[in-house]
Structure formats: structure tokens, C-alpha cells
Amino acid sequence: MAEEPADLRPRRLHPLPRGLVELYGLLAVLFVLVPEWMAGGALFGFREGREGSELPLPSGAWNRLPELHLATLNLAELRQLARFEHLPGYAGLARDRLTARLLRRLRKREKGSGRRG
């Protein structure tokens, strides 16, 4: 029986020493998990100081684009706005359809007033 060439034989892999595996595990915790915990704690701390909305303060784009404004409203607030805009049949609409109808109404009103954003 002829011996196989060295590059075709399966290589025998030596396992890493247990101490080295534990060191890699410790480094993973230090470099990945600890910063995640710190960031989560910092974000939680920012939330406690704020009253009301979880969103950052509105920017200029938020005031100019009705899509951004409607995206921040919950379904009850969307329905209140639809009632204010005299939108018929708003009570039975799902959020996405109600938002689409409100956007059309707001854009039509914006074009009628001659306002440009």
C-alpha cells in the first residue's frame, strides 16, 4: 500500500489549551457584552429624565414633512386628526390606510394654501 502525499492526508488538529479558551471567553465578555450593558444602561438613564415621548425632540424636517408627523401619532391620535379633518369613514380604517388618507388630505390642503416645504 502506497503512502498518500502529505497534502492529501487529513491534518490532525490540536485542541486549544483550556486556559486559552477561557481567556478568549473573558475577552469576548469584556469587549462585547460589557459595552452593550453600559450602552443599555445609559439609554435607560436618558429615558428616565424625559417626560412623555420616547422620541427625540422634533427637528425642522419633522415640522415640514407630514409623513414624519403622522408616524409619531398612535392610532387614537390619528383618528382624532381624521375627525378634525372631517375625513369620512375613518373609524373603521387600519393604521396604514388611515395614514395614507390623511396624507392625501394634508397634501391637498397644503397645495391649496400655496405653502411650499
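Modeller: Let's start with the whole chain. The protein chain exposes about 10200 Å², and carbon and sulfur atoms supply 61% of that area. Accessible areas come from the Shrake-Rupley method with a 1.4 Å probe, and for residues only the protein chains shown count as cover.

A word on what you are looking at: this is a predicted model, where local features need pLDDT of at least 70, side-chain atom pairs count only at pLDDT 80 or more, and totals for chains, interfaces and linings use all residues. Residues are numbered from 1 along each chain as its sequence is written, and side-chain values use heavy atoms, with hydrogens and water left out.

pLDDT is the predictor's confidence in each residue, from 0 to 100. The chain has a mean of 79, with 74% of its residues at 70 or more. Among the elements, helix α2 (residues 60–64) has the lowest mean pLDDT, 66, while α4 has the highest, 90. Where pLDDT is low, the predicted coordinates should not be read in detail.

Secondary structure here comes to five helices and zero strands. Helices (H or I, at least four residues) and strands (E, at least two) are DSSP runs, numbered from the N terminus. Of the 117 residues, 13% count as buried; buried means under 20% relative accessible area, exposed over 50%, and partly exposed in between (1.4 Å probe, protein chains only).

Take α4 from its start. Asparagine 74 caps the N-terminal end of α4, with a side-chain oxygen 3.1 Å from the backbone nitrogen of alanine 76. Further along, the buried residues of α4 are Leu78, Leu81 and Ala82. They cover an arc of only 100° around the axis, so they sit on the same side of α4; the arc is that of the directions from the helix axis to the C-beta atoms. On the other side of α4, Arg83 and Phe84 are exposed.

Leaving aside neighbours within four places in sequence, leucine 81 is in contact with Leu70, Leu73 and Leu102, where contact means heavy atoms within 4.5 Å. Leucine 81 and leucine 102 are 21 residues apart in sequence and 8.2 Å apart in space, C-alpha to C-alpha.

Next comes the loop between α4 and α5, where you'll find glutamate 85. Glutamate 85 has a relative accessible area of 8%, so it counts as buried. Just after α4, histidine 86 takes a positive phi of about 55°, in a residue other than glycine.

Further on, tyrosine 90 touches Arg79, Ala82, Arg83 and Leu98, again not counting residues up to four places away in sequence. Alanine 94 lies in the loop between α4 and α5 and counts as partly exposed, at 43% relative accessibility. Alanine 94 and leucine 75 are 19 residues apart in sequence and 8.5 Å apart in space, C-alpha to C-alpha.

That brings us to helix α5 and threonine 99. Threonine 99 is buried, with a relative accessible area of 17%. Beyond residues up to four places away in sequence, threonine 99 touches Leu70 and Leu78. A polar atom of the threonine 99 side chain lies 2.7 Å from the backbone oxygen of arginine 95.

Definitions and conventions
Polar contact = N/O pair within 3.5 Å; in protein donor to acceptor, adjacent residues only side chain to side chain.
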